[in-house]
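Here are a few notes to read alongside the model. Have a look at the structure, then work through the points in order.

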Protein chains: 2
Amino acid sequence: MTVTGPKGFRAAGVAAGIKASGALDLALVVNDGPEQAAAGVFTRNVIKAAPVLWSQEVLRHQRLRAVVLNSGGANAATGPGGFQDTHATAEKVAKVLDTGAVEVAVCSTGLIGERLPMDAVLSGVDTAAEALADTPEAGVAAATAVMTTDTKPKHTYKTHAGGWGIGGMAKGAGMLAPNLATMLSVVTTDASIEPDALDAALRAATRVTFDRLDVDGGTSTNDTVLLLASGASGIAPKLDDFTELLTAVCLDLVYQLRADSEGATKDVDIVVRGAASEQDAINVGRTVAEDNLVKTALFGSDPNWGRVAMALGRAQAEIDPETVSITINGVTLFAHGTTAADRSAADLSGRAIEILIDLGVGTSTATIYSTDLSHGYVEENSAYSS
Amino acid sequence: MTVTGPKGFRAAGVAAGIKASGALDLALVVNDGPEQAAAGVFTRNVIKAAPVLWSQEVLRHQRLRAVVLNSGGANAATGPGGFQDTHATAEKVAKVLDTGAVEVAVCSTGLIGERLPMDAVLSGVDTAAEALADTPEAGVAAATAVMTTDTKPKHTYKTHAGGWGIGGMAKGAGMLAPNLATMLSVVTTDASIEPDALDAALRAATRVTFDRLDVDGGTSTNDTVLLLASGASGIAPKLDDFTELLTAVCLDLVYQLRADSEGATKDVDIVVRGAASEQDAINVGRTVAEDNLVKTALFGSDPNWGRVAMALGRAQAEIDPETVSITINGVTLFAHGTTAADRSAADLSGRAIEILIDLGVGTSTATIYSTDLSHGYVEENSAYSS
């Protein structure tokens, strides 16, 4: 199940003709209420795509009736004309739903620097509006329509014993990095939640999930996570309960994004413990996650802790070479400044790899979700523009 | 010509048996004076190899009689035993040259976390001492003996009309990054220069050369650049003249390191102009240089300025999307927030690529020397431990 799991939501995914391939390329997610509270988090890249600028603006009202998403073009670095295209798309959706454009968020993904074929986009909105349904199939179609180099749609649905649930969809395969993986995600809930609480929950959840996915260090111009609450369950959960389930939904999507990221052959958890601060733990985890020598060693199933030591030693963090330990898939290979076990003792032949770094100087922790660097990554990103 | 170009220096490169392959693996560079002023710069990685700790210590005296270098093992993360190995190597060199160990610097390169075969190292010092010569061949042998995944020795010699010169050798193929590329370099001169001036010149030269080479973001545990002055020309040049020629020597070595770095198929200059500060320019240049999506696009000869825009937009720097322009191989592709020309107008089919980024907010500049990211890089770094 997906964004149509919670009550009060309809979705659609259609082929609007934006992609030359004829694949699904336009999605619509509609909140039928009774409530329309919404929150969003966006890329921190200073070069923001037109739909990001638009959606940030409309979210000031903390209310959304619908989200329209397209693949086949990022509408980034497209100047005032590109912004007008986003505005026209929101106006079109507002018209077919009989609401105001200010209640419509827009997300785009694809190549940077190209204008969208607006005829296709606008007629696609009509097609999508007709296809709207509250079925699982409609939710999957929406998740499919936002795919770029993704090989499969990503969606989830989790319910709470209290009688409400959270659904989500996401796309993203490359340019996945700190401060929101490069991706679009729409999360829906039928819980009844005030906008400010919704915003707080979304920030808390993304901080430890999407913000800690780091495949290639890139931060796209289009990253967007939107959370829409319909209140259709009639239940107002405790904020802690809601944040907990929301975090689980986001983490589920993060795992799916990682598993399907460009060329990845390993799912790598970099767990940092004993840091002087959480920021130190994040800095160490990201530096190791983004190090190409570490990543290529993991692709080769080589527990090359020397490269991990090199990478963490250049991170912005309080580090004492004598207190650091490095444990890979359960085997401590480096401790007290020197070799602790023969590297061959660590088995990296499987897909799941855990690199546990204990800095031994404090009590803070963080986990970064990463991948290896494979021939597939180079092939996908050198042979095709994206 | 190489480190034996300037008067007063002898060198040797021998096969000591440290490498199982039987290739040259131990080098000795000796300053016969009459002066022995020396300066050094070292890795900023907090995990420093034993020879770095040793050489930093002995350089407090600003005087070196010799440098001994080995490939086949980095002697990093080897604990107190590894430090004793470095000390013993310096003592051995001191004995054969009839000087003190405090006048002998040590450099090592190779796999992290393995102890050196000390019998081979110590007997290799004897062999090298016997082979010492002031010939070009001896200099090339020394440059060859420090190679790891390098495919060719790197050396240079430049002379000043004033009657003195500067020679240099370097090694480095991966883990090449900010704050000294991962490499060892020995630079020699027969100019007569006071140690403090020598130190100032070396820091000024490396700051804009070795410090701006960024192949893969790695910063090794062993990076070392040593500068030895014999005074054998009898000439004391102006410091500005010396720094200028020294910078040219270092840049020549940087170009050689870049051209021979692991898997590189492109020589990429990232020139940043119009920055609010030099640090901003460096941050932007490095962020773009280390971005895997940019690097793989360059491998594919694709002038994908959208990825450059994405990368610079996440750099720590003052950036205004409206004033940034991106020019690739002479063609301005992005300006005033949108496309400036069709990307096909930029020809990236050759090996040399210049990405010129004008931030348009200030007057500071910096150039980062980088490469692409190829299948060769992934192959070399996943198939073999290094």
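**Notes on the core and the chain contact**

1. Start inside: the largest nonpolar core has 182 residues, and those touching the most other members are A:Leu69, A:Leu312, A:Ile357, B:Leu69, B:Leu312 and B:Ile357. Such a core is a set of buried (under 20% relative accessible area, 1.4 Å probe, protein chains only) Ala, Val, Leu, Ile, Met, Phe, Trp, Tyr and Cys residues joined through side-chain atoms within 4.5 Å.

2. A word on the source: this is a predicted model, where local features need pLDDT of at least 70 and side-chain atom pairs count only at pLDDT 80 or more, while totals for chains, interfaces and linings use all residues. Residues are numbered from 1 along each chain as its sequence is written, chains are lettered from A in the order in which they are written, and side-chain values use heavy atoms, without hydrogens and water.

3. Back to B:Leu69: leaving aside neighbours within four places in sequence, its contacts (heavy atoms within 4.5 Å) include B:Asp25, B:Cys107, B:Met169 and B:Val186.

4. Between the chains, 54 residues from chain A meet 53 residues from chain B. There are zero salt bridges between chain A and chain B (a side-chain nitrogen of Lys or Arg within 4 Å of a carboxyl oxygen of Asp or Glu).

5. The C-alpha atoms of A:Arg60 and A:Ala248 are 26 Å apart, with the two residues 188 residues apart along the chain.

Terms used
Buried < 20%, exposed > 50% of the residue type's maximum accessible area, 1.4 Å probe, protein only.
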